[in-house]
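Hi everyone, thanks for coming. Please have a look at the structure on the screen, and I'll walk you through it.

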Amino acid sequence: MTERFEDACIISGIGQSEVGRRITKGVMALTLDAALEAIADAGLRPADIDGVVSWPGAVSRAEGLAPASPGSSGPGPHAVIDALRLNPTWHYGGPETPGMFASVIHACMAVASGMCRHVLVYRALNEATAWRTVSERVSADAGGVTGPMQWMLPFGAFSGPTWMGLYARRHMHEFGTTREQLAAIALNARRNAMRNPKAVFRDELTMDDYLSSKMISDPLCLYDCDIAVDGVTAVVVSTRDHAPDVAGSPIHFEAVGSALGGRASWDQWEDMTQTAATSAGAHLWSRTDLKPADVDVANLYDGFTILTLFWLEGMGFCGKGESGPFVEGGQRIALDGELPLATSGGQLSAGRLHAFGHLYEACLQLRGQADDRQVEGAKVAAVSAGAGPLASCLLLRSDS
Amino acid sequence: MPLPVPQITDDNAAFWTGGRDGELRIIRCTSCGYYVHPPSPRCPECLSDAVEPSAVSGRGHVYTLTINRQAWVPGLKVPFVLAIVELDEQPGLRLLTNIVECAPEDVAIGMPVEVTFVERGDAFIPVFRPAAS
């Protein structure tokens with residue numbers, strides 16, 4: 001394997017605000033809580049931070065493919081830079097990327113290229129508060145819908161479950177995937193959430209609960225959908241030279257994946273039995289000698305249950321169309337199984353931190369700090385972000 | 001809130017207003033014959049800029065569907081069917097749309113459908129119904 005930019009970078013620190021559905025702190029306060037915790041965890045002071053990157057930045061409307069519903073963006077880099085009086089050599093926030101981990105990959109590029117030594121990366125959300133206080137979750141200009149949303153909103157395709165319901169139905173049609181198999185993802189997440197004090201839903205969830213729950217956009221029901229929360233997660237991506245000075249323990253980047261292998265569109269995506277997870281996953285494995293069998297913990301994106309199936313297939317943990325049987329019954333994906341999934345409870349039960357909850361949890365697992373849900377001997381973790389045409393993934397390891 | 005309308009511009013007017021004449025109009029390359037959707041000023045197949053709206057048959061089949069049961073906005077009538085319809089003219093030439101004039105549970109992948117239009121504001125929204133056999 002030739003030299004990769006991943007080798008130049010580490011995650012030196014992690015931080016996470018309180019997470020919940022009824023939090024009184026504002027999203028800027030939560031953002032600064034997470035950022036300062038990550039900076040301190042990295043053994044740094046704010047003045048050491050010379051780069052700031054966030055996805056999607058402060059956006060209030062979607063002209064591209066990234067969602068811009070109330071509470072989904074939080075403060076952008078400019079607001080955080082000013083609040084902490086940072087003087088970065090590089091900063092960036094923007095939504096038109098290969099999914100949410102584009103910010104992490106962007107930070108790695110900034111470090112590997114020599115632009116920065118310590119880049120603060122964060123994802124800020126306050127969707128729980130926003131959805132309680134905003135009457136219209138979908139805002140359309142009086143002048144009519146523009147951009148890519150014009151091909152969806154006039155038909156009532158307002159939200160993720162309707163878009164992903166289309167994909168889920170096609171996967172069921174071609175491969176015989178069942179609702180019980182989707183349920184295995186939701187039930188596994190809940191079992192793990194019961195071991196995570198920060199998870200928002202910690203009551204037992206049964207197959208009967210799942211099968212009798214409200215259908216949202218057939219075949220996706222209530223428990224196929226993740227939970228809007230307020231919460232912010234931050235990491236610091238540093239140059240590898242900083243590893244000896246890290247306060248916790250450094251996490252190494254083995255490989256990243258970000259390739260887009262289809263049309264840049266939700267509704268024009270060619271093969272709706274898969275997402276850009278397939279191209280991003282193949283891209284990741286092309287950058288490392290490790291194999292899917294080397295992964296100890298997989299915190300794969302679960303904005304909807306079906307998305308985890310797409311990531312399992314896309315990252316090669318099972319064959320194309322085989323993800324349903326792979327997860328059925330849940331033993332293989334449990335904490336003591338062959339491939340533990342969503343060890344924090346994921347977005348389905350711990351709350352939608354938009355892939356950064358998975359990243360934070362993966363770092364805890366690799367540092368051996370996941371308490372009651374620790375996967376013994378976890379040394380390699382896969383994390384992934386996104387749906388449809390938005391996809392990025394990371395392979396992390398604890399050994400240098 | 002009623003269903004939103006698209007903002008009609010020079011680039012999308014043929015698609016959104018063709019229904020006034022009962023026609024579904026898709027941008028087509030006059031050089032190689034490829035249909036281009038959403039509209040673009042250049043053919044992605046042969047890169048020609050000689051593209052213009054062209055009426056299609058309005059016939060196709062259901063590639064996939066979902067029955068939406070959640071009222072995402074006040075006043076949204078549910079359930080309704082959202083579907084991806086692939087038009088007969090070209091493999092992969094697809095629209096996200098609604099299937100109307102039949103019970104949601106009766107819509108199936110592969111079902112033949114034909115276009116009809118719903119007038120809303122200045123737009124004629126192309127939706128599909130089961131094809132007359």
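A few ground rules. This is a predicted model, where local features need pLDDT of at least 70, side-chain atom pairs count only at pLDDT 80 or more, and totals for chains, interfaces and linings use all residues. Residues are numbered from 1 along each chain as its sequence is written, while chains are lettered from A and ligands numbered from 1 in the order in which they are written.

Let's begin with chain B. It has one helix and eight strands, counting DSSP runs of H or I with at least four residues as helices and of E with at least two as strands, numbered from the N terminus. Along the sequence the pattern reads α-β-β-β-β-β-β-β-β. The C-alpha atoms fill a box of roughly 45 × 30 × 25 Å along the principal axes.

Why does a radius of gyration of 15 Å agree with a compact globule for chain B? Because a compact globule of 133 residues would have a value near 14 Å; the rule is 2.2 Å times the number of residues to the power 0.38, and the radius is taken over C-alpha atoms. Of those 133 residues, 37% are buried, meaning that 20 or more other C-beta atoms, placed from the backbone, lie within 10 Å of a residue's own.

Now to the two chains together. Their contact takes 28 residues from chain B and 33 from chain A, where contact means C-beta atoms, placed from the backbone, within 7 Å. On the chain B side, S4 (59-68), S5 (80-87) and S6 (94-99) each supply at least two residues, and S4(B) gives the largest share, five residues. By class, that side has 18 nonpolar, eight polar and two charged residues. Here Ala, Val, Leu, Ile, Met, Phe, Trp, Tyr, Cys and Pro count as nonpolar, Asp, Glu, Lys and Arg as charged, and the others, Gly among them, as polar.

Which residue in S4(B) is the bridge partner of Asp218(A)? That is Ile67(B). Two bridges join S4(B) to strand S5 of chain A, residues 215-218, and the strands run antiparallel; DSSP must find at least two bridges for strands to pair.

Last, the helices. In H8(A), Ala277(A), Thr278(A), Ala280(A) and Gly281(A) meet Phe310(A), Trp311(A) and Gly314(A) of H9(A). These contact residues divide into four nonpolar, three polar and no charged.

Notes:
Contact = placed C-beta atoms within 7 Å. Buried ≥ 20, exposed ≤ 12 C-beta atoms within 10 Å, placed from the backbone.
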